[in-house]
Amino acid sequence: MDDETARTLVLDTADRLFYEHGIRAVGMDQVRDGSGVSLKRLYRMFPAKEQLAEAVLRRRDRSFRRALAEHAAAQPDPRAALLGVFDFLFAWFAEPDYRGCPFINAFGEMSAVSEPVTAAVTDQKRALDAFLADLAARAGAPRALAEQLFVLANGAMVAAAVLHSPEPARQAQHAARVLLDSASCAS
């Protein structure tokens, strides 16, 4: 097995296990067993579980950003793209294995003990905020609206996990529409 294949297997396995059970609850031996990559090779790639967790989060971030950008790009205009973020979240929350935002989960679990994991989470949340700010600017809305939508989106991520329902995305979308209409009237 070449290095790229081994790395992908390890990241896929760790991503699944960390999301299902939490980072702290998963041992490197479980990643080894699930990936089929020897423990020696696993530790050569990721000398500490913290490094593996950071790599999983950074890869997930790239995937999330790409999927969200594609969803937004498919919308007819910037306003629809802004509101469409919540359709994207609804679809994510409706997945049968949705257990909350992996970034929020990792922050809650690791922020006190891992600067690299905290940095990966912070980078992801800042990128989401910047993405919303860009959409808001293109829709002619103020920066403050993007900040409000950021809070709505992240709140919906938590509520959907706690309630085991995708509906918080719809509720957040409704609030976003009210905020967007209010911002449009104020312009």
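1. The side chains of Asp 61 and Arg 65 meet in a salt bridge, 2.8 Å from N to O; the term means a side-chain nitrogen of Lys or Arg within 4 Å of a carboxyl oxygen of Asp or Glu. Both residues belong to helix α4 and are 4 residues apart, so about one helical turn separates them. Asp 61 is buried at 6% relative accessible area, while Arg 65 is partly exposed at 41%. Buried means under 20% relative accessible area, exposed over 50%, and partly exposed in between, with a 1.4 Å probe and protein chains only.

2. This is a predicted model, in which local features need pLDDT of at least 70 and side-chain atom pairs count only at pLDDT 80 or more, whereas totals for chains, interfaces and linings use all residues. Residues are numbered from 1 along each chain as its sequence is written, and side-chain values use heavy atoms, leaving out hydrogens and water.

3. The whole structure has 13 salt bridges. One of them joins Asp 15 and Arg 60 at 2.7 Å, N to O. This pair links distant parts of the chain, with Asp 15 in helix α1 (residues 3–21) and Arg 60 in helix α4, 45 residues apart. Asp 15 is buried, at 14% relative accessibility. Helices are DSSP runs (H or I, at least four residues), numbered from the N terminus.

4. Asp 123 and Arg 58 also form a salt bridge, their closest N and O atoms being 2.8 Å apart. Asp 123 is in helix α7 and Arg 58 in helix α4, so the pair ties together parts 65 residues apart in sequence. Asp 123 is partly exposed at 32%, and Arg 58 is partly exposed at 27%.

5. Helix α4 (residues 49–73) packs with helix α6 (residues 102–110) at an angle of about 155°, their axes 11 Å apart. Axes are lines fitted to C-alpha atoms over the stretch in contact, and angles run from 0 to 180 degrees between N-to-C directions. α4 is therefore roughly antiparallel to α6, a term for angles over 145 degrees. Leu 57, Arg 60 and Asp 61 in α4 meet Pro 102, Phe 103 and Ala 106 in α6; contact means heavy atoms within 4.5 Å.

6. Thr 118 lies in helix α7 (residues 115–138) and is buried at 18% relative accessibility. Leaving aside residues up to four places away in sequence, Thr 118 touches Phe 107, Met 110 and Ser 111.

7. His 164 has a positive phi, near 55°, and is not a glycine. Most residues other than glycine have a negative phi. His 164 sits in the loop between α8 (143–163) and α9 (167–186) and is exposed, at 72% relative accessibility.

Conventions
Helix = DSSP H or I, 4+ residues; strand = E, 2+ residues; numbered from the N terminus. Parallel < 35°, antiparallel > 145°, perpendicular 65-115°, else oblique.
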